[in-house]
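Please open the model in your viewer and keep the sequence beside it. The tour moves from one selection to the next, saying at each stop what is there.

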Amino acid sequence: MSTRKLTGRGPFRASQLPPGSDYELVDGHPVYCAPTRRAGAGAILDGGSVIRSDPKVRRAGVDPGFAPDDLNVRAPDIAIIPEDGPPGWIRGVPGFAVAYAGVGQDEEKLQEKIDELLARGSRVLWVMRLVGPRRVEVYRAGEPFTVATSGQELHAPEFLANPVPVDALWDAEAADRATLRNLLERFGYQDIEAVREEGRQEGRQEGRQEGRQE
């Protein structure tokens, strides 16, 4: 795949880019985004579940299109999105987003995208590396990027209430555990044992009531 850097202003506008397009838009130039391979497709769905279920997150999306202006449309793999807004592309850039980098990733284009989003106002970007040892590169505006590896946790307290295990961004079982934890907290439970204890208490209360009635 060519990594030729686009120069000048291209002829296309965000309003001309149809929903579901396989292209992003960079300064009016269409940039092809290849379909996701099997490993990446499953990982994105797992990671999206973890991000969306976090108690602090109201809405999140997979492949949402952000348009900071009419010449650019960028679609991270996962991003926290506004709860509402006008129809069409989401205006601006995501504050928090996750990208997945698998086999065949164009590294130059990926870095350009990271730099562009951070320069336009994104605050936290995670890049999940699916080739080689599983790891996440953490990018923050004005800071050198850091790397978290399998077994470690990721933190973005300005956007997420809970830390995210690196493994939960690609491993289905780890993602299920993190998602369950988040959903329990959303409904006021510390963990699954708290749900069981509530059930036991309700059972004892019902037993006492039945005993009094008898």
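**A helix, then a strand and its partners**

Begin by selecting helix H3, residues 172-186, whose 15 residues reach 21 Å from the first C-alpha to the last, close to the 21 Å expected at 1.5 Å a residue (the expected span is 1.5 Å times one less than the number of residues; helices are DSSP runs of H or I with at least four residues, strands are runs of E with at least two, and both are numbered from the N terminus). This is a predicted model, in which local features need pLDDT of at least 70 and side-chain atom pairs count only at pLDDT 80 or more, while totals for chains, interfaces and linings use all residues. Residues are numbered from 1 along each chain as its sequence is written, and side-chain values use heavy atoms, with hydrogens and water left out.

Within H3, colour Ala174, Ala175, Ala178, Thr179, Asn182 and Leu184, which are buried (under 20% relative accessible area, with a 1.4 Å probe and protein chains only). Just after H3, glycine 188 has a positive phi of about 85 degrees.

Next select strand S9, residues 124-129, where six of six residues are buried. Val124, Trp126 and Met128 point one way from S9, whereas Leu125, Val127 and Arg129 point the other way. In a regular strand the side chains alternate between the two faces of the sheet.

Finally, show strand S10, residues 135-140, which pairs with S9 in the antiparallel sense over six bridges (strands pair if DSSP finds at least two bridges between them). Five residues lie between S9 and S10 in this hairpin, and glycine 132 in the turn has a positive phi of about 80 degrees.

Definitions and conventions:
Buried < 20%, exposed > 50% of the residue type's maximum accessible area, 1.4 Å probe, protein only.
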